[in-house]
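This report describes the surroundings of a ligand and then the pairing of charged side chains.

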Amino acid sequence: MRFFIDTANLDQIREAMDLGILDGVTTNPSLMAKEGIRGEENIRKHYVAICEIVDGDVSAEVIATDYEGIIREGEALAALHPQVVVKVPMIREGVKAIRAFHSKGIRTNCTLVFSPGQAILAAKAGATYVSPFIGRLDDVSTDGVELIARIVDIYRYYDLPTQVLAASIRHSMHIVDCAEAGADVVTCPLDPILGLLKHPLTDIGLEKFLADHRKSQQ
Ligand code: G3P
């Protein structure tokens, strides 16, 4: 399972890269706004800056919701850097655009996916990635991880090449659950990734090893 970081914050991307476990980045308009990135030129520069830090795919989302607009924006984003994957919402015009991007060799990430039916459509259209939002499903008392498992089963059954990118991850256990469910990729903020490091028995065990070593050297 690959690890993407879900942020537009360059310091956090660098920190995850430094840990040596980062395979890519996903962003969305809310995450870009959170970093205060304003204006088309600055947004473009920021995507290029992210691509220069990370060695892997970088999802950049279109704002347009009409077919022509999605195509225009998506082509401009894809032209920025070979690592850019065009993120397209799961709407009628988006599905049409994903099909068109697929036939032009432009890679896509179909976002805002909340059901197996939407995931089937995204794969039929030729999306490179599908992004089911598991945290937002959990928020409305629906099992987000179960959706990941169902999509993985469907894609495996038909040998579909679309990769399942579990998104809207809120905590470390989501990452473990997604791994068990067979997700190809998880994208999450830095904290849930760092949470995987933690176990009190590791800390207690290390403290004892070091104390025993110190005693043996006296
Ligand atoms: O990038 C899409 C997704 O990961 C958003 O997560 O926490 O806003 O539901 P969240």
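The side chain of asparagine 28 places an N or O atom 3.0 Å from an oxygen atom of the ligand, a polar contact (a pair of N or O atoms within 3.5 Å). For lysine 87, the distance from a side-chain N or O atom to a ligand oxygen atom is 3.3 Å. Arginine 136 has a polar side-chain atom 2.6 Å from an oxygen atom of the ligand. On its own the ligand has 320 Å² of accessible area, of which the protein covers 82% (Shrake-Rupley method, 1.4 Å probe).

The model is predicted: local features need pLDDT of at least 70, side-chain atom pairs count only at pLDDT 80 or more, and totals for chains, interfaces and linings use all residues. Residues are numbered from 1 along each chain as its sequence is written, and side-chain values use heavy atoms, without hydrogens and water.

## The shell

Around the ligand are Asp6, Asn28, Lys87, Phe133, Arg136, Ala167, Ser168 and Arg170, each with a heavy atom within 4 Å of it. This shell divides into four charged, two polar and two nonpolar residues (Asp, Glu, Lys and Arg count as charged; Ala, Val, Leu, Ile, Met, Phe, Trp, Tyr, Cys and Pro as nonpolar; the others, Gly among them, as polar).

## Salt bridges

There are ten salt bridges (a side-chain nitrogen of Lys or Arg within 4 Å of a carboxyl oxygen of Asp or Glu). One of them joins arginine 107 and aspartate 57, at 2.9 Å from N to O.

Technical notes. A polar contact is a pair of N or O atoms within 3.5 Å; within protein, one must be able to donate a hydrogen and the other to accept it, and residues adjacent in sequence count only if both atoms are side-chain atoms.
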